Amino acid sequence: MGVLELLRWRAPNPLILLLLLIQWNQQIPHTIDRQFVEVFSGVGEVSRAFRDVGRRGTSIDLCLDGAFDLTRPSAFGLVLNEILRCKPGSTVLMAPDCRSLSRMSRHTSGRTYLSPLGNQGYLFVKIGNILSARTALLAFLCSFCGLRWVIEQPEGTFLPQLPRYQWLFGVLKVFATTMYMGVFGSGSPKKHRLLSNDPAFLEKIHDKAGFMSRVDQAKCDTKLVHRYIDKNGKRRCTGLKKELKESANYPPAFGDFIASIAVEMEAVPVPMNMHLDESFPIDLTDLELFRRFCLPIGDPWKDVPGIKCFFWQSGYPTNHTRIDFPQVRQLVSCGIALGLPMGCCGVFRPCKIYASA
Ligand SMILES: C[S@@+](CC[C@H](N)C(=O)[O-])C[C@H]1O[C@@H](n2cnc3c(N)ncnc32)[C@H](O)[C@@H]1O
């Protein structure tokens, strides 16, 4: 991976810098031996299914280890590195927490088409924005690395309306479909929306689970909402917290199905679906390209605050000092990317990775 390719792909400057810092970090492994990554893996049925068919990969979720809290810069750096370690054709599944994005929380989250980021005074909305924006960057990196990625959300999610997804749809061709988890034996029929860079992959899922008859839906007996008529005679519904939370967990059959089609398509190249920007000179070094085209950094992706930590030492973006390359080098040599504690910025160091042997 070089700066020229990243520029041609229209990668955001902060991501280019992050990837350079990760590449130069000698304390983390860089071997390319991953065949899947499951981000927000929860009960990990997809990872289990991949491992059952002998694939090696990583599952990342807050519930596995606090070090995997993706609001932490260190965890974000770790996932970026896990994606860089994937073999081309590998599958990356991401199911970001939908609490602040679902239709049901719209009244509290305050997300609207005019203000998609919602009421950021609420922590759950702010965290939802951070996790979603980071997931968009991960999806971009997957496409760049020739990996198949899928983002799963409940139907009605506000995720595609977030500004970082609007950006993503502008630089990559992204495809969407819907499916019923009830087809795979989930307690409720629950409709999900999937985004991906590979239409053929989505088509296989849609063929299997894109339709569920009313009769079959009625056979799933777990209700996710309580419907009632209030004292003014108005129809209302309230989400059932426990049932909604459990409905996010994939049934084993879904894991098996995803692993089987991912393995089937491993050797099929992932469609690139984008036009490269060929206007950059090809005879410059990474350093020269970075100096000439990535500075000043510009949009610091403030909604991905982890990126800020990499600029801490140079004062960016608080006072908008221009970073030049020696400062970037200084950042690396002074240890930010090498795992030394950085006040509130978190520590970027290798931590326990859940992978098959
Ligand atoms: C929609 S659920 C995905 C569930 C998963 N698909 C499964 O089969 O169990 C979202 C997941 O995100 C995880 N999560 C929430 N906040 C997180 C964070 N800050 N960092 C990492 N994972 C987080 C939760 O633990 C939860 O498992």
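Me: Which residues of H7 do Ser132, Ala133, Ala136, Ala139 and Phe140 in H6 meet?
Reply: This is a predicted model. In it, the H6 side of the contact is formed by Ser132, Ala133, Ala136, Ala139 and Phe140. By class, the residues of this contact divide into six nonpolar, one polar and one charged. On the H7 side the partners are Arg164, Tyr165 and Leu168.

Me: Are H6 and H7 roughly parallel or oblique to each other?
Reply: Helix H6 and helix H7 (residues 163-171) have axes that come within 8 Å and cross at roughly 15 degrees. The crossing is left-handed. Angles under 35 degrees count as roughly parallel, so H6 and H7 are roughly parallel.

Me: Which residues of H6 make the contact with H4?
Reply: H4 and H6 (residues 123-144) pack at about 20 degrees, with their axes 10 Å apart. That angle makes the two helices roughly parallel. H4 brings Phe76, Val79, Leu80 and Ile83 to the contact. From H6 come Arg134, Leu138, Leu141 and Cys142.

Me: How many charged residues are there in the contact of H4 with H6?
Reply: H4 and H6 cross in the right-handed sense. Their contact includes Phe76 of H4 and Arg134 of H6. It has seven nonpolar residues and no polar ones, and the number of charged residues is one.

Me: Which strands does helix H4 touch where it packs on the sheet?
Reply: The sheet is open, with six strands in the order E2-E1-E3-E4-E6-E5. Neighbouring strands are turned by 15 degrees against each other on average, direction ignored. Helix H4 (residues 73-84) has a direction that makes about 150 degrees with that of E1. The strands touched by H4 are E1, E2 and E3.

Me: Which are the edge strands of the sheet?
Reply: The strand order is E2-E1-E3-E4-E6-E5, with mixed pairing. An edge strand here pairs on one side only. The two that do so are E2 (57-60) and E5 (175-180).

Me: Which residue of E2 is the bridge partner of Val37?
Reply: Strand E1 (residues 34-39) pairs with E2 in the parallel sense. Four bridges make up this pairing. For Val37, the partner in E2 is Thr58.

Me: Which residue in E3 stands opposite Glu38?
Reply: E1 also pairs with E3, in the parallel sense and over five bridges. Strand E3 covers residues 86-94. Opposite Glu38 stands Leu93.

Me: Which residue in E4 is the bridge partner of Thr91?
Reply: E3 and strand E4 (residues 148-154) run parallel. They are joined by four bridges. The partner of Thr91 in E4 is Arg148.

Me: Are H3 and H11 oblique or roughly parallel to each other?
Reply: The axes of helix H3 (residues 45-52) and helix H11 (residues 252-265) come within 8 Å and cross at roughly 50 degrees. The crossing is right-handed. The contact includes Glu45 and Phe50 of H3 and Pro252 and Ala259 of H11, and by class it has seven nonpolar, one polar and three charged residues. Roughly parallel would need an angle under 35 degrees, so H3 and H11 are oblique.

Me: Which residues are closest to the ligand?
Reply: The ligand is surrounded by 19 residues. By class, this shell has 11 nonpolar, four polar and four charged residues. The closest are Phe40, Gly42, Leu62, Leu70 and Tyr250.

Definitions and conventions. Residues are numbered from 1 along each chain as its sequence is written. This is a predicted model: local features need pLDDT of at least 70, side-chain atom pairs count only at pLDDT 80 or more; totals for chains, interfaces and linings use all residues. Two strands pair if DSSP finds at least two bridges between them. Axes are lines fitted to C-alpha atoms, for helices over the stretch in contact, and angles run from 0 to 180 degrees between N-to-C directions. Two residues are in contact if their C-beta atoms, placed from the backbone, lie within 7 Å. Angles under 35 degrees count as roughly parallel, over 145 as roughly antiparallel, 65 to 115 as roughly perpendicular and the rest as oblique. A crossing is left-handed if the near helix is turned anticlockwise from the far one by less than a right angle, and right-handed if clockwise. Ala, Val, Leu, Ile, Met, Phe, Trp, Tyr, Cys and Pro count as nonpolar, Asp, Glu, Lys and Arg as charged, and the others, Gly among them, as polar. A residue is near a molecule or strand if its C-beta atom, placed from the backbone, lies within 6 Å of it.
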